Amino acid sequence: MHQYRHRGYIIIAAICCGLASVMFAKSYGIQTQNTAILSQNTTDNIPTISSSLSPTPPLIQITPISVNIPVVMYHYVEFVPTSDPAKQKLSINPIEFERQVKELTDTGYTTYFVKEIPRLVKGEIPISSHSAILTFDDGYEDFYSVVWPILKKYNIKGTVYVINNFLGKVGFLSKEQLIELANSDVVEIGAHTMDHINLKGVNDPIAKYQVTESKQDLESIIGAPIETFAYPFGGYRDELASLMKEASLSAVVTTTKGTFINSNNLFTIPRVRAGLLTRGSVSTALTQLINEK
Ligand SMILES: [Zn+2]
């Protein structure tokens, strides 16, 4: 009799424990599937981790085939005199740049590096419904003196594409600055050829030299892997994709307008020009861009 009563208590206790853990999990919005993804990404500093414990978890795609993210293309972030219209066309002034970055922060955008795109496409990184990637071509000195302080201030990521043989020239980053930038949590360094030549118009050996040498030379300067590349002038041809793969590059950006990225265009990733964000709300402009067909 005693034995049966004892067993009864154990069964009741076990049921209570089970119910309690289910209620705990429900009240914190924890799902087995999401927990695995969140633990996997604790090293990626994705700011969705803490909010995942709220009753309404953020919008994430578990296994996306394609993603719709604006990759914004900047060149100069400087005050350029009106007497230099060519440079002015490629420039965003620092006050306008900070306005854009501040708005990204204020409206809850998550920013990523270009090197994170392959994992976003595979669904290995949670993707926010408000996502953007900022890129800066050519490695101008203003990336160090203007852009980087603003990225740090708002904790926004940026990928800068550097031309090896321009390093240290007037108006461009020095090797010392590049090494300092490479150690920053908010900066990714990418390759942009040795001499800023259009790869569309050169033969394979020259293209191969410009791609592999720029990657390896940058790696020896910063002491870390270079994973992504930007085509100078957006010039590419289909054969270059295999060259990029051989060089162990995982993502390459073009100047073609668009926001859809999938496993088929990782070596021809489209971008949008920063000038499109200068008229009013940045969030509205980005939303319009990702809704364009
Ligand atoms: Zn360029």
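Visitor: Leaving aside its neighbours within four places in sequence, which residues is I290 in contact with?
Guide: Apart from those sequence neighbours within four places, I290 is in contact with N68, P70 and T259, where two residues are in contact if their C-beta atoms, placed from the backbone, lie within 7 Å. Please keep in mind that this is a predicted model, in which local features need pLDDT of at least 70 and side-chain atom pairs count only at pLDDT 80 or more, while totals for chains, interfaces and linings use all residues. The numbering runs from 1 along each chain as its sequence is written.

Visitor: How far apart are I290 and P70, along the chain and between C-alpha atoms?
Guide: They are 220 residues apart along the chain, yet their C-alpha atoms are separated by 6.7 Å.

Visitor: And where does I290 lie?
Guide: I290 lies in helix α10, which covers residues 282-291; helices (H or I, at least four residues) and strands (E, at least two) are DSSP runs, numbered from the N terminus.

Visitor: Let me zoom out. How many helices and strands does the protein have?
Guide: There are ten helices and ten strands, and of the 293 residues of the protein, 36% count as buried. If you take the contacts between residues at least 6 apart in sequence, 65% of them join residues at least 24 apart.

Visitor: I'd like to look at one helix, α6. What span should its residues have?
Guide: Helix α6 has 13 residues, 142-154, which should span 18 Å at 1.5 Å a residue, and its end C-alpha atoms are 17 Å apart, so the two agree. The expected span is 1.5 Å times one less than the number of residues in the helix.

Visitor: Where does α6 bend?
Guide: At W148, by about 35°, and a proline, P149, follows within four residues; the bend is the angle between axes fitted to the seven residues ending at a residue and the seven starting there.

Visitor: Which residues in α6 are buried?
Guide: The buried ones are D142, F143, Y144, V146, V147, W148 and L151. The partners that the buried residues of α6 pack against are α4 (94-106), β4 (131-138), β5 (158-162), α7 (175-182) and β6 (187-191).

Visitor: How do α4 and α6 pack, then?
Guide: Their axes are 10 Å apart and meet at an angle of about 20°, where axes are lines fitted to C-alpha atoms, for helices over the stretch in contact, and angles run from 0 to 180 degrees between N-to-C directions. That makes α4 roughly parallel to α6, since angles under 35 degrees count as roughly parallel, over 145 as roughly antiparallel, 65 to 115 as roughly perpendicular and the rest as oblique. On the α4 side the contact is made by P94, F97, E98, V101, K102 and T105, and on the α6 side by V146, I150 and Y154.

Visitor: What follows α6?
Guide: N155 follows α6 and lies in the loop between α6 and β5. Its phi is near 55°, a positive value in a residue other than glycine. N155 is partly exposed, because it has 13 other C-beta atoms within 10 Å.

Visitor: One more residue, E78. Where is its place?
Guide: E78 is in the loop between β2 (71-74) and α3 (85-89), and it is buried because 20 other C-beta atoms lie within 10 Å. Not counting residues up to four places away in sequence, E78 touches S91, D142 and V146. E78 and S91 are 13 residues apart along the chain, with their C-alpha atoms separated by 6.3 Å.

How values were computed:
A residue is buried if 20 or more other C-beta atoms lie within 10 Å of its own, exposed if 12 or fewer, and partly exposed in between; C-beta atoms are placed from the backbone.
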